[in-house]
Amino acid sequence: MNGLEQFGQDPWWIIAIKVLLVFVVCVVLTLFNIWWERKVVARMQHRIGPNRHGPFGLLQSLADGVKLALKEDLTPEKADKIVFITAPILACVPAFVTFSVIPFGPEVNFFGVQTPLQLTDMPVAVLFVMAIASIGIYGIVLGGWASGSTYSLLGGLRSSAQMISYEVSMGLALVTVFLMAGSLSTSQIVAAQEDWWFGALLLPSFLIYCISMVGETNRAPFDLPEAEGELVGGFHTEYSSLKFALFFLAEYINMATVSALATTLFLGGWRAPLGLGTVWAGANEGYWPVLWFFLKMFFFIWVFIWLRGTLPRLRYDQFMFLGWKVLLPASLAWIVVVAVIKMAAIEGGFSPNWILFGFGLAVTVVVVLGFLNRLPEKEAQVTKPTGGFPTPTLPQGGAVRGAAQPLVFGPPAVSTATNGVRILPSPEEAK
Amino acid sequence: MSFVILASVTVIAAMGLLFARKPVHAALSLAVVMVGLAMIYATLEAPFLFAVQIVVYTGAILMLFLFVIMLVGVDTSDTLKETIAGQKVLAVVLGVALGATLIAGVGQASIATMRGLASANEGGNVQRLADLLFSRYVIAFEATSALLITAAIGAMVLAHRERIDPKQSQTDLAQKRVADYAKSGKHLGPLPPPGTFARHNSNDTPALLPDGSQSTKSVPAILAGGNSNGSADEGQGE
């Protein structure tokens with residue numbers, strides 16, 4: 001009927017094994033990602049990272065998890081008990097559920113049964129992921145509210161505003177994928193990427209999705225809901241022990257989910273990368289695709305870690321500006337472009353692929369160049385210290401450079417030293 | 001079977017919506033009702049409606065409800081005071097009337113097996129819906145979206161305020177702070193933190209200055225209470 005006949009035919013024990021596998025993959029991925037993140041960030045900061053428990057410190061997150069679970073479980077006096085307990089569960093369960101529609105591979109021989117390496121699929125699989133993710137937001141919002149603490153409430157409010165805003169641009173970035181694939185089911189979208197990955201065909205959509213997936217998962221540089229400098233820990237300030245562990249688990253599974261979704265929708269899912277399938281026919285058969293899938297997914301997770309290791313946190317208004325005034329109009333305009341090109345291709349009977357690729361590349365290059373030109377940072381001209389005293393080198397023209405205006409408070413108040421550094425008067429002199 | 005489970009969960013949640021004392025609990029019950037309805041759509045082979053019901057109602061509309069309710073605070077309960085005169089009586093009368101109409105209507109309908117589902121979903125549920133929405137019902141669809149956009153713009157116009165004085169940028173604020181320092185000697189940086197790490201772990205322990213005296217600015221005015229170290233008037237309120 002619509003290419004989904006291969007799903008829903010499995011015997012019950014195959015389904016049970018698949019459910020168990022999805023669960024185990026999620027949990028193991030979380031443990032691995034925590035270790036990997038700590039290791040990579042440590043390398044970026046010239047440290048070694050965890051190296052005590054197990055080979056390369058791989059069992060560190062397991063040890064941390066056990067320790068976390070054995071900690072005292074505190075419930076604040078002012079908390080709303082029922083909601084306080086429900087919230088971490090509400091955050092965690094949807095995170096697992098979304099993984100059920102992710103295709104890990106093609107149809108394989110699975111314990112003697114021919115079945116696709118995917119728990120299930122439906123005509124609206126990607127919409128289903130969005131729907132379940134929106135239930136996951138409830139966990140965070142309610143956790144923040146039920147704690148009965150101002151920090152938590154602010155964190156919860158920020159989080160819901162952030163996730164709703166970025167869900168909009170995320171959804172709009174996906175619309176072009178639906179347009180090109182002609183389907184909302186994940187397995188069909190992977191099938192539609194046999195020749196062209198949508199990441200190349202729809203480059204602007206891919207970039208918008210990548211930015212909004214960082215916002216959607218509350219990760220740095222968009223981790224404002226748990227901005228520790230402002231909100232202590234945000235929505236999970238009052239949580240401890242297993243309840244906190246559930247929030248932590250949910251965050252890492254969500255990271256894996258959006259990465260898996262990005263892989264599926266834009267990087268050809270389980271298909272072998274870089275045209276390997278044309279050279280070696282076996283690359284897209286059997287269990288090999290699982291390897292390609294996880295390689296691509298770990299690439300995204302590595303980008304997540306890289307961003308966290310290098311970028312400072314955005315201010316909230318800048319963050320909202322980016323979401324509503326940059327990403328949203330950009331996705332809308334790009335949808336119109338894709339729709340027009342696709343319609344013209346259907347009417348004219350030609351292939352839209354190269355046109356779309358060229359157009360998307362041009363738009364992206366222009367936007368990136370625009371960003372680069374706005375950077376005020378230029379090579380600083382440094383004056384060498386003149387005297388024998390070891391003073392630090394100063395940029396030419398004074399300590400202030402770049403776009404900052406010179407500070408002037410009237411002639412008597414400021415005296416300019418010879419090397420251009422302004423010396424402010426002491427309070428007594430000013431009086 | 002699945003209908004029995006879903007229906008009972010939905011009905012229980014609906015009862016919770018009616019009887020919950022806290023508005024947040026009521027909103028949560030409503031969320032369960034919405035998800036229950038979505039599940040029922042899924043079992044009735046309307047997968048698109050299932051996803052849209054959750055995305056739109058649970059994810060967007062109810063979240064906005066929660067947003068407003070949450071700002072009221074944790075321990076606010078509904079007041080039992082009637083704000084509209086005769087509201088209870090009117091509610092009972094209208095409720096009974098609605099119930100009677102529904103029972104009369106449903107009681108007269110005969111419920112047989114579903115017909116036409118296969119032809120309605122031919123070629124895929126999503127595809128058929130898209131066909132209908134963008135051909136036969138396109139006027140109604142566009143009119144609805146125009147109405148929604150008008151409402152959104154109306155809300156923005158009502159909430160919009162013109163800025164009278166220019167907005168102060170970070171540069172302006174920094175210059176103002178330095179100018180204040182030049183004029184009155186007011187400290188440029190943040191206030192000193194409390195001396196919590198020395199011997200006590202309480203926020204109201206004042207920090208010690210290099211000469212051993214207590215820093216009056218290190219304790220928030222609201223904690224100092226203006227009693228011992230006199231920081232109430234020059235604490236963090238500035």
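Me: How does α8(A) pass α13(A), in a left-handed or a right-handed crossing?
Reply: Start with the convention: a crossing is left-handed if the near helix is turned anticlockwise from the far one by less than a right angle, and right-handed if clockwise. Here α8(A) passes α13(A) in a left-handed crossing. Helices themselves are DSSP runs of H or I with at least four residues, strands are runs of E with at least two, and both are numbered from the N terminus. Do keep in mind that this is a predicted model, where local features need pLDDT of at least 70, side-chain atom pairs count only at pLDDT 80 or more, and totals for chains, interfaces and linings use all residues. Residues are numbered from 1 along each chain as its sequence is written, while chains are lettered from A and ligands numbered from 1 in the order in which they are written.

Me: At what angle do the axes of α8(A) and α13(A) cross?
Reply: Axes are lines fitted to C-alpha atoms, for helices over the stretch in contact, and angles run from 0 to 180 degrees between N-to-C directions. The axes of α8 (residues 203-216) and α13 (residues 316-348) of chain A cross at roughly 150° and come within 10 Å. That makes α8(A) roughly antiparallel to α13(A); angles over 145 degrees count that way, under 35 as roughly parallel, 65 to 115 as roughly perpendicular and the rest as oblique.

Me: Which residues of α8(A) meet α13(A)?
Reply: A contact is a pair of residues whose C-beta atoms, placed from the backbone, lie within 7 Å. On the α8(A) side, P204(A), S205(A), I208(A), I211(A), S212(A) and G215(A) take part. They meet G323(A), L327(A), A330(A), S331(A) and W334(A) of α13(A).

Me: How many residues of α4(A) are buried?
Reply: Count other C-beta atoms, placed from the backbone, within 10 Å of a residue's own: 20 or more means buried, 12 or fewer exposed, and in between partly exposed. In α4(A), 22 of the 22 residues are buried, so this helix is largely enclosed by the rest of the structure. In α1(B) the number buried is zero of 18, so that helix lies largely in the open.

Me: Where is F3(B), and what is it in contact with?
Reply: F3(B) sits in α1(B), residues 2-19. It counts as exposed because it has 11 C-beta neighbours inside 10 Å. Leaving aside neighbours within four places in sequence, F3(B) is in contact with I40(B) and T43(B). From F3(B) to M39(B) is 36 residues in sequence, and 9.0 Å from C-alpha to C-alpha.

Me: What does each chain contain overall?
Reply: Chain A comes to 15 helices and six strands, with 40% of its 431 residues buried. Chain B has nine helices and zero strands, and 17% of its 238 residues are buried.

Me: What is the mean pLDDT of chain B?
Reply: pLDDT is the predictor's confidence in each residue, from 0 to 100. Chain B has a mean of 81, and 87% of its residues reach 70 or more. For the complex, the predictor gives an ipTM of 0.72 and a pTM of 0.75.

Notes: Two residues are in contact if their C-beta atoms, placed from the backbone, lie within 7 Å.
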